[in-house]
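Here are my notes on the model you sent over. Have it open while you go through the points.

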Amino acid sequence: MKNLFEAAKLLLLDMAATLFFLVLYLLTHNVPLSVVLGMALGIAQIGWQFARRKPVDTMQWMSLFLVLGAGTVTLITNDPRFVMIKPSVIYVIVGVVMLKRGWMNRYLPPVAMELVPDIAIIAGYAWSGLMFVSAALNVIVALNFDVATWSIAMSVYGIVSKALMFLASYVAMRTIGAARRRRAVARQHDAAMMPG
């Protein structure tokens, strides 16, 4: 569970510049100011990593280039949709990474790895599918609605969809794992009761 929260924290940090842009835009309705400050935050995050002599991973570099690229196009066109589409790119990349068989294994306790490794693989693919659906939905909403509507719709969807997927994955693994454990205990009991 700790590893899952760590992964969520890293994804949130990768999205920080976009979220910062969104909050500033909703407060000021000033596209250039919001974009420039969002870009500055993206650069500052990488600068902070360098200052602390911490490695900058590929996702952080990709996020910075997306922020700078989408921000520059937004400044040139004065159209915030380019920044609004950035989460879709990240969703697609995360979805592709989640297509790796068994990616969830590092987040599971040993008992789950023993009892439900097959269910974890299915859940991993379901998470990947959710990322692709989220990417498509974000593009549709970004291209058809204003920033305020996009921010509310995608925020609510983002929180609810991930919470429901987490709950469904957890309940499935827990329920199936408990049933498998009961069957294993019953088989051991039956084997012990057989005359030897």
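1. How much space lies in the largest cavity? About 70 Å³. A search of the whole structure turns up one cavity of 30 Å³ or more. Bear in mind that this is a predicted model.

2. Now for what surrounds that space. The largest cavity is lined by Ala17, Thr18, Phe21, Ser34, Val35, Gly38, Met39, Val67, Ala70, Gly71, Val83 and Lys86. Two or more of these lining residues come from each of helix 2 (16-28), helix 3 (31-51), helix 4 (58-77) and helix 5 (81-97). Helix 3 gives the largest share, with four residues.

3. Next, have a look at helix 7 (residues 117-144) and helix 8 (residues 147-193). They pack at an angle of about 170°, and their axes are 11 Å apart. Angles over 145 degrees count as roughly antiparallel, so helix 7 and helix 8 are roughly antiparallel to each other. In the contact of helix 7 with helix 8 there are 20 nonpolar residues, along with four polar and three charged ones.

4. The protein chain has a mean pLDDT of 85, with 91% of its residues at 70 or more. Confidence is highest in helix 7, at 95, and lowest in helix 1 (residues 2-14), where the mean is 61.

Note on methods: Residues are numbered from 1 along each chain as its sequence is written. This is a predicted model: local features need pLDDT of at least 70, side-chain atom pairs count only at pLDDT 80 or more; totals for chains, interfaces and linings use all residues. Side-chain values use heavy atoms; hydrogens and water are left out. Axes are lines fitted to C-alpha atoms, for helices over the stretch in contact, and angles run from 0 to 180 degrees between N-to-C directions. Angles under 35 degrees count as roughly parallel, over 145 as roughly antiparallel, 65 to 115 as roughly perpendicular and the rest as oblique. Ala, Val, Leu, Ile, Met, Phe, Trp, Tyr, Cys and Pro count as nonpolar, Asp, Glu, Lys and Arg as charged, and the others, Gly among them, as polar. On a 1 Å grid over the protein atoms alone, a cavity is a set of points where a 1.4 Å probe fits but cannot get out, and a pocket is an open set with protein on both sides within 12 Å along at least five of seven lines; lining residues have an atom within 4 Å of a point. Grid points are joined across faces, edges and corners, and a volume is the space filled by probe spheres set on the points. pLDDT is the predictor's confidence in each residue, from 0 to 100.
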